[in-house]
Amino acid sequence: MSTSFAAGVLTSSILSGTSLLYATLGELVGERAGIVNLGLEGTMLIGASVGFAAASVTGDPYLGLLAAGLAGTAANLLFGFVVISRRANQLAAGLTLMFFGFGASALIGRPFVGAIVPGLPEFFGFDALVWLAAPTAVGLWCVIFRTRWGLGLRAVGEDPVAAFASGRRPESLRYQALSLGGFLGGIGGAHLSLALTLTWDEGMTAGRGFIAIALVIFARWNPLWAVPGALVFGGAEALQLQLQARGADVSPFLMNMTPYLLTMLILVFWGWNRRSTAPAALGRNFFGVE
Amino acid sequence: MRLRLLIPLLMPLWLLLPGALPLAAQTKLTVGAIYVGSVHDYGYNEAMHDGLMAMKKAIPGVTLLEAENVPETAESTRIMEGMIQHGAKLIFATSFGHQQFAFDLAKQHPDVDFEHAGGWMQMPNFGNFFGATQAAWYPMGVAAGKMTKSNILGFVAGVPIGYVVGNINAFAMGARSVNPKAEVHVVVTGGWSDKAKEAAAANALIDQGADVVTMHVDSPATVIQTAEHRGVYSIGFQSIAAKALAPKFWITGLGFTWGPFMTETAKSVMAGGFKPAMVREGLGQMMAVAPFGPAVPAATRTLVTAAAEKVEKGYNPFTGPVTDNTGVVRIKDGESWGGDKMGSFDWYVEGVIGKPK
């Protein structure tokens, strides 16, 4: 055996968890400002396909990443226009963004199906995105909890009317939060296409966007908690595949359910906790002050 | 918003779309083909597309209408209906789940002939075809058994249905025929196309010591690229085009070669003598062994080619006694499992590590 079982599980958890972590952080920023984006799956898909396409055209995976982040921002700004400026229902608009993401990413990625792209270079066994994942979470924590901008962001997420009264501009701050969140979501998608699989395939996120939304709840809207959260979920997938590879005497059908069972368990155990830290204005639109 | 105004403005565009398809009347035969994925997947769909392109090349004047990413839903009916309206007289419904929709459409259009890949339904204008893949995996096993140093062979399987289990079994039997210490470790992803999970599954197998990996999912691209990236040998399946993804560590692969069958079928439709049948052909007809990669020594090439010839001439690896991986004799001495039994495997042969259910 070339690597020990535990090392194999840990490596795979980190690899599977990286895209989840970026996506979770992206969703978290938006939710801190009071916006639920159920379309995260769509944002990730657009990031994955644009990143893949850009890397294929330019031959540079880092340019691909940049393009993926900007495309994620663009997708989220579109969503922002609908829910912030047009004040549409966030849940409905989010689902629309998801379907829009499915279609748009398929359209963008179509000419690049089967293309061979340069993957992200590795340093000491992992690509740059893996190394930057945890620092990004720490950085985001600092921004949210230790800067004036972060204070305004949280104020808008708790009570946009009060924030407005104290001189903040809720709509502008929400757009900013969605832009940053879209960038991170797009990067999360691109990690799948540019590092993990080196392929683009329609719908390749396969529900990871929704797991990331659940992870925000698990992390209690705290970027630092998102790190172990993403590792645990990445690990659930990695562990079951490693167990199969080892020939564990369990049905593969049962093992394939593990990540979803875990999601449900976590929602059950976190659910009964009444001391919820969810932003108070989460999902509520700001209609201005008369 | 004045968005509502946009809808009537867009309507004419919608009506113009069908006009973009070529007119059928000028050609001898129009053939329609629907694919469940992209024809550039280095896999199942690419092999189907290649077969139809070979048909088109072989018969001058054939028009080919193709639609990619056709879901296995009623959407496929609408797309095939559209092809018939544009003159298609022969339809290839290439994914397993297209069967019922194509069959229902065939009832409504007795003047259009249908061929479905992998199913069982038949009518005077509806036949089906597929490769006899199981025995063809035997020489792949021989190649893997000779190339491995760790004696651990990794197999990424989408869904362990009987045919897939049969492929894995023949692969393991081929490997153990040249290397009795070889073990096949199976990881099931639970779907035919989940790239991130396929990459993770290949990584898991490699982490557990596999130094040759192969797969049965729609597109072999992810597993082969992951193996190449980790410096591990790979064996392809579905389309031999996958060789391009692994310039260093490619061993060989199995690909479908549908061209001759599709050409014959098109010719029979043009001659008015379409004969539906349940066609299942293996190596030499509907399947081919891919060229070897640079790392494969000459002696191994000879062995693999000899095994492939043996299978082509009718060798059936599922000839008793065959024992499953729990020690139970499943095929008794003197018995053998033919083509009709290939979908019934719910057990792995000796040497396979894993559970099929």
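Reader: How do α3(A) and α8(A) lie relative to each other?

Author: This is a predicted model, so local features need pLDDT of at least 70 and side-chain atom pairs count only at pLDDT 80 or more, while totals for chains, interfaces and linings use all residues. Residues are numbered from 1 along each chain as its sequence is written, and chains are lettered from A and ligands numbered from 1 in the order in which they are written. Helix α3 (residues 61-85) and helix α8 (residues 170-196) of chain A pack at about 140° with axes 6 Å apart, where axes are lines fitted to C-alpha atoms, for helices over the stretch in contact, and angles run from 0 to 180 degrees between N-to-C directions. Angles under 35 degrees count as roughly parallel, over 145 as roughly antiparallel, 65 to 115 as roughly perpendicular and the rest as oblique, so α3(A) and α8(A) are oblique.

Reader: Which helix gives the largest share of the side of chain A that touches chain B?

Author: Being in contact takes C-beta atoms, placed from the backbone, within 7 Å, and 32 residues of chain A do that with 32 of chain B. On the chain A side, α1 (5-32), α8 and α10 (223-246) each bring at least two residues. The largest share is 7 residues, and it comes from α10(A).

Reader: How do α5(B) and α10(B) run relative to each other?

Author: Helices are DSSP runs (H or I, at least four residues; strands are E, at least two), numbered from the N terminus. Here α5 (residues 133-147) and α10 (residues 298-312) of chain B come within 8 Å, axis to axis, and cross at roughly 165°. That makes α5(B) and α10(B) roughly antiparallel.

Reader: How many nonpolar residues does that contact of α5(B) with α10(B) have?

Author: From α5(B) come residues including Ala135(B), Val142(B) and Lys146(B), and from α10(B) residues including Thr300(B), Leu303(B) and Val311(B). The contact has 1 polar and 1 charged residue, and the nonpolar count is 12.

Reader: How far apart are the centres of domain 1 and domain 2 of chain B?

Author: The domain assignment (bounds are from an automatic or database one) gives domain 1 as 27-131 + 258-281 and domain 2 as 133-255 + 289-313 + 341-353. In chain B, 9 residues of domain 1 are in contact with 12 of domain 2. Taken over C-alpha atoms, their centres are separated by 29 Å.

Reader: Is Leu198(A) buried or exposed?

Author: Leu198(A) sits in the loop between α8 and α9 (208-218) of chain A, with a positive phi near 55° though not a glycine. The cut-offs are 20 or more other C-beta atoms (placed from the backbone) within 10 Å for buried, 12 or fewer for exposed, and partly exposed in between. Leu198(A) has 26, so Leu198(A) is buried.

Reader: Where is Pro321(B)?

Author: A cis peptide bond, omega about 0°, joins Gly320(B) to Pro321(B). As for its place, Pro321(B) is in the loop between α10 and β13 (322-323) of chain B.

How values were computed:
Two residues are in contact if their C-beta atoms, placed from the backbone, lie within 7 Å. Ala, Val, Leu, Ile, Met, Phe, Trp, Tyr, Cys and Pro count as nonpolar, Asp, Glu, Lys and Arg as charged, and the others, Gly among them, as polar.
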